[in-house]
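This report is meant for a reader who meets the model here for the first time. Please keep the sequence and the three-dimensional view at hand while reading.

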Amino acid sequence: MKKLHFLVLILLAANVSFAQVAVNTTEPSPASVLHLEAQQYASINYGGFLMPVVTEAQQAAIPVSTTDDRDDGLMVYVSDPGTGKQCWDIYDSYFDVWRSISCANICDDVLYTENFNSYAENTGIDGTDSFLGDYPVSKWTVSSYSPTLDGTLDQFGTLLNDQDYAKVVNGQLDFRDVDGPVLFQTKAIDISGYSSVGIAFDFEATGGMEYSNTDHNNGSNGDFTCGEESKGNDYLDIEVSTDGGSTYTEVPNYLGMGSTNHTITFEDDASLTINLTGYSGTTMIVRLRLQNWAGAEHYYLDNLTVFCDE
């Protein structure tokens, strides 16, 4: 009798080992080894699949195999209040890394956006007119420094004629042959209540840009009292205020593409998407100071967005 019981147990174990597993259904899909139904069997209640939830430290402690692919596709949900990560991760045994397949955005609020599509063509300023198209507008201003280069702002500034301008062309803000620094500035943007805010925009430089450090005469940050600082040099400076314009902080040498004096210097044409994160405060003002020096040289600004990046 004991031998018979033992044989029955072996047969049952073998059957379980090779059977499908079905939850809340008696008719599992023939293509599945595990079939879950949302509606609980013989009930009107519904449920979901809850995978293991871990912090990033706990995830790192999971003893995945690094010698074979037995753990390839292992899944966890990372919910870490310390780092802020909330992602469904899958283990990739080939590269021995956890890959985030989908992450929850804690905050995706857009606090300011400007794509320049809502304005009449040629909205902005040039060397002969400070009220082109729909300008002035409520969301941003643009102005040129005085030809004396004393640091003061003048609507016409170094813009010499109607071919030197900062205006909307084909749905972008086009800066052409500005012959010295021009300042673009957003309105004050309310960022209060957000622990982390980001800035993003598209920026393109065309027409044979150049920059030489030997031509730089310590006139960065809008200080042009030393004369024609950086004449002929092409650059972009990004400055951000998070206190309503009382103080500004310049972004230094963005991703190694700038210098000690400028956020980005252009020794050739470029097409960039700028991404800056980690700002907090009460109100944000973004301003861009830039210059180019030839009729063929253009800067194009587009898709400027200020967003919550928590």
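A nonpolar patch on the surface is formed by Val-21, Val-23, Val-33, Leu-34, Leu-36, Phe-49 and Met-75, which together have about 640 Å² of accessible area. Accessible areas come from the Shrake-Rupley method with a 1.4 Å probe, and for residues only the protein chains shown count as cover. Patches consist of residues with over 30% relative accessible area and no salt bridge; like charges are joined within 9 Å, and nonpolar side chains (Val, Leu, Ile, Met, Phe, Trp, Tyr) within 5 Å. At least two residues of the nonpolar patch come from each of strand E1 (21-23) and strand E2 (34-36). Strands (E, at least two residues) and helices (H or I, at least four) are DSSP runs, numbered from the N terminus. Val-33 is located in the loop between E1 and E2. With 68% relative accessibility, Val-33 counts as exposed; the term exposed means over 50% relative accessible area, buried under 20%, and partly exposed in between (1.4 Å probe, protein chains only).

The model is a predicted one, in which local features need pLDDT of at least 70 and side-chain atom pairs count only at pLDDT 80 or more, while totals for chains, interfaces and linings use all residues. Residues are numbered from 1 along each chain as its sequence is written, and side-chain values use heavy atoms, with hydrogens and water left out.

The protein contains two helices and 21 strands. Of its 310 residues, 40% are buried. Contact here means heavy atoms within 4.5 Å. Among contacts with a separation of 6 or more, 65% are between residues 24 or more positions apart. The protein exposes about 16,700 Å², of which carbon and sulfur atoms supply 53%.

The surface also carries a negative patch, made up of Glu-204, Glu-267, Asp-268 and Asp-269. Asp and Glu count as negative and Lys and Arg as positive, whereas His and the chain ends are not counted. The place of a charge is taken as CG of Asp, CD of Glu, NZ of Lys or CZ of Arg. Glu-267 belongs to the loop between strand E18 (264-265) and strand E19 (270-279), and Glu-267 is exposed, at a relative accessible area of 58%.

How many salt bridges does a search of the whole structure find? The search finds seven, a salt bridge being a side-chain nitrogen of Lys or Arg within 4 Å of a carboxyl oxygen of Asp or Glu. Three of these pairs are set out below.

| Salt bridge | N to O distance |
|---|---|
| Asp-237 and Arg-289 | 2.8 Å |
| Arg-287 and Glu-239 | 2.4 Å |
| Arg-289 and Glu-250 | 3.4 Å |

In the bridge between Asp-237 and Arg-289, Asp-237 lies in strand E16 (residues 235-241) and Arg-289 in strand E20 (residues 283-291), so the pair ties together parts 52 residues apart in sequence. Arg-287 bridges to Glu-239; this pair links Arg-287 in strand E20 with Glu-239 in strand E16, 48 residues apart. Glu-239 is buried, at 6% relative accessibility. Arg-289 also forms a salt bridge with Glu-250, linking strand E20 to strand E17 (residues 249-250) across 39 residues. Arg-289 is buried at a relative accessible area of 2%, and Glu-250 is buried at 17%. Through shared partners, salt bridges join Asp-237, Glu-239, Glu-250, Arg-287 and Arg-289 into one network.

Ile-264 is placed in strand E18. Is Ile-264 buried or exposed? At 1% relative accessibility, Ile-264 is buried. Apart from neighbours within four places in sequence, Ile-264 is in contact with Tyr-235, Leu-236, Tyr-254, Met-257, Gly-258, Leu-272 and Ile-274. Ile-264 and Tyr-235 are 29 residues apart in sequence, with their C-alpha atoms 5.7 Å apart in space.

Some notes on the backbone follow. The peptide bond from Tyr-135 to Pro-136 is cis, with omega near 5°, and Pro-136 sits in the loop between strand E8 (124-126) and strand E9 (140-145). Asn-24, a residue other than glycine, has a positive phi near 65°. Asn-24 lies in the loop between E1 and E2 and is partly exposed, at 26% relative accessibility. Phe-116, also not a glycine, has a positive phi of about 65°. Phe-116 is found in the loop between strand E7 (110-114) and E8, and at 0% relative accessibility Phe-116 counts as buried.
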